[in-house]
Amino acid sequence: MKSDQVSGLMLFALAVCVWWLNRAFPVGSLSDPGPGYVPLLLAIAFGGIGLLIAAFGGRSEPLLAIRWPEAGRAAVILIACAVATLALERIGYRLSIMVFLVFFLGVVERKKPLVVALVAAGFSLASFYVISDLLRVPLPRGPWGF
Amino acid sequence: MIETFNSLMMGFSVAFQPQVLMYAFFGCIIGTLVGMMPGLGPLAGISLLLPATFGLNPIVAIVLLAGVYYGAMYGGSTTSILMRIPGEAASVMTCVDGYAMTQQGRAGPALAIAAIGSFFAGTVGVVGLMLLAPTLADFALRFGPPEYTALLLMGLFVLAYMSGGSMLKTLAMAVLGLLLGMIGIDAMSGYTRFSFDITELGDGVGIVPVAVGLFGISEILLTAGQPEPPKVQQPTLRQLIPSREDFRYSAGPIMRGSLLGFMIGIIPGSAHIISSFVSYGIERRLSPHPERFGKGAIEGVAGPESANNAAATGAFVPMLALGIPTSPVTAVMIAAIMVHGILPGPMLIQQQPDLFWGFVASMYVGNVVLLVLNLPMVGLFVNLLRIPYAYLYPCILAFCILGCYSVSNSMIDVWIMLGMGGVGYVLRKFGFDLAPVALGLVLGPMLELSLRQSLAMSGGSYGIFLERPIAVVMLALGLLLLALALKPVLFKGRDWRSKVGLDDQAG
Amino acid sequence: MKRIVIALVGVLVAAAAQAQETFPSRPITMIVPFPPGGVADITGRPTAAALEKILKQPVSVANRPGAGGAVGNAAVANAKPDGYTLLMALSSISVIPEADKLFDRKPAYALDQLAPVALISADPVILVVHPSLPVKTLKEVIALSRKQPGELSFSSSGVYGALHMPMEMFLHAAKLKMRHVPTTGGGPAITQLLGGHVTMTAGGPAAISGHVKAGKMRTIVSWGAERHPNYPDVPTFKEQGYDIVYYIWAGMFVPAATPAPVVKVLRDATRQAVADPDFKNQMAKLNSPVQYLDAPEFAKYLDADARRLAAVVKIVGKVGG
């Protein structure tokens, strides 16, 4: 498999999903398009383009030639962000961002503990102060009001 | 003419009052700082500051907000260039070549040219606003749904025409953006589409979380896991300043971008993103070295940045001359003066001359302030890059989460940003260019709505697009561009793309 | 030992009682379900500022825009009912659940999840036409529309939106058919009319005032129960023999399960707040007439309004379906 063949087929599959979801909405007519009209057109175009990419993709680099050396780290980053996001409205902004930074600087990047503590505390407190106290945008606080 | 001059002098007498001057300055600084936060752009900036202006007098309030607006536009381009994080839709194009320049250690010239281009475009915009506001405003009103449909179609055709790599892949990404734009409540029928029962998706997917995710987060995902941390670029002092060659390359794009941006800016609606895309496309076509685009061409920063700033000023034309909000940003500004009992409307300039002329004069002042403020700061900003990446990226991530959340206090926006980061990462691995997604997302809902509005106006007849001269001209132009773009594909003709070896996968 | 425990319990109970009595003891958040600068926002902010002075606790405004107000309304409907989360909602609050029902959607919230505290302001909308249209009165509008059925068009702030509902009331009452061009808000709706792309629209008195004075649009009739003080020459539908009334109003709500004593504190505070000179001044500048109603009367008003609007939603039915 070549990379473009794979990505083209992925796009085609997505187009089929959109078409499937779009069946719930009336398409209307050419002179009076309904809510499903434009999405249907787009799904057809998307699927068509996907197939064309796959069809002309014979000369692209093989799928296996794409290396994913950073995928592990990327997954760690996304998961850590997701955890921080979940924590945000539960334990408050300052605490979750502090933990988030400690995790990255201390565990992932293995920096010196003192520096880690300073950056994590400084960043979360300072950004909270600017956004919440100066700009008066209420940021989430934890159950302890912090 | 004399009258305009006298009015302008009166405006300057307002703008140079110490209090007004101070607020203009203050606004520019706050705006720059807000704009530099990833995820916070001009709209977020002035929305956050709007309540603070309720206690001020209307002139000061609007001057402050205009300063914030300008500053945030500039601040947004700073993060686009340094970190590949767009603060708003229009900065997406700046990310491409601006960040490539940063990677080559040329962040200094990129930032400086962005500042100079913004200054020039802002000045052109203000002059246009001052001299032409009433005339242009009437022209702007003639843009109804059919004209708007034609404009948006033209924008999409330009995209096909300017696509750098594989045209199919570019179109696929544009359609993906258009599809993302279908999410949410359909304004014409009230159906909620593709929202998976998430109420927050009713208004659709916001451009800021998508752009921050696709560009900023995906970049971090690609970079942070590299076995070797990215080299810290240590530009020498000379490298901070644009060379004579940089200026020579940028002069044309800045001028063209300013004019183009201003014209698109006065059209009601929020299609300003088109101006930066079209400017980028034009510059690439006009350039003798189109292959440099996407790899750190300074024209690719100068043109779109100028276009986007001129469009921002152009948007004030209908706001001040007619008193109608034509974009979310001007809607907030109108609210700021309505709070003080000033009713927006076509009589605003006559009834509140000191407001109008004070505003115009303070835009001149604001432009100068920004230039003076930011050129010396270029060195400082570039030094941000000296922070080791291991410290920089966790902080950028935290900023992105904070920025996306605080715009509308919405967790969903943060999730969209993270999801788009993952999607963008995979797509980039497969060699897709992501800028068209942003364009499609912004244009999608507008295109669908204006098409269906046009048909509602005409009772279902497509003839409406052929009865209106502006729409006809734009459609013809768009089709011409599309034909030119397809020519090499259909006739296997040789054009610049094959010359530079980009045509390999064009199909 | 026993004594100490009793004493401790006593202290705790007293403290708890104290806490009950001294609502509010920490900052209050007022949720505005629209972006900054909208009617709800510019009504909510002066109200919050006035409440702050009376309750002696910060009242901060948080914008939770989305889905025509559904996101913010739902956020408060599902918030902790302790009185520390308020909602400044617009009349659309009763339309959203109806539209959800119509489309078989999972409802974002139910109206009975929210308890009314006070009505703050109410403004009728006014029918305006493009000056090129050769009509000056409601009769002429209707006559012209009968002569060209389905040819006249109107713009609105979106289907089932605040400016669509009154037009449908009118069209239904007068048995007319017109082309509907929905837009994405009140501003764009007016822009369409100014450009002559539609022939009429319903507009808020403050938003159209400048354009009417400049002769860019012509007023025909108002949906108010009586004539609007700023438009004494504009007749009402009632005067013209149509029993239709429509106001865009802004009112304060709390989650339905909020304890009565807490609601009482908020009601009393709001009553004082609307009498505050700063507040009055601010609202006068906005050209937004204060229409204060306390909770019981507001509940009645809301009930009538909700029934009226539900009927209109049913008449309109699914568009394009």
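Helices (H or I, at least four residues) and strands (E, at least two) are DSSP runs, numbered from the N terminus. Over chain C the average pLDDT is 85, with 92% of the residues scoring at least 70. This is a predicted model, in which local features need pLDDT of at least 70 and side-chain atom pairs count only at pLDDT 80 or more, while totals for chains, interfaces and linings use all residues. Residues are numbered from 1 along each chain as its sequence is written. The model scores ipTM 0.93 and pTM 0.85.

Next, select helix α5 (residues 113-134) of chain A together with helix α19 (residues 389-408) of chain B, which pack at an angle of about 25° with their axes 12 Å apart (axes are lines fitted to C-alpha atoms, for helices over the stretch in contact, and angles run from 0 to 180 degrees between N-to-C directions). α5(A) and α19(B) are therefore roughly parallel to each other, a term for angles under 35 degrees. Show the side chains of the contact (heavy atoms within 4.5 Å), including V115(A), F123(A) and I131(A) from α5(A) and Y391(B), F399(B) and L402(B) from α19(B).

Finally, turn to chain A and chain C, where the contact takes 4 residues from chain A and 6 residues from chain C. In chain A, P26(A), R136(A) and P138(A) lose the most area to chain C, together 78% of what that side buries, buried area being the accessible area (1.4 Å probe) that two parts lose on being put together, summed over both.

How values were computed: Chains lettered and ligands numbered in written order. Heavy atoms only, no water. pLDDT = per-residue confidence, 0-100. Parallel < 35°, antiparallel > 145°, perpendicular 65-115°, else oblique.
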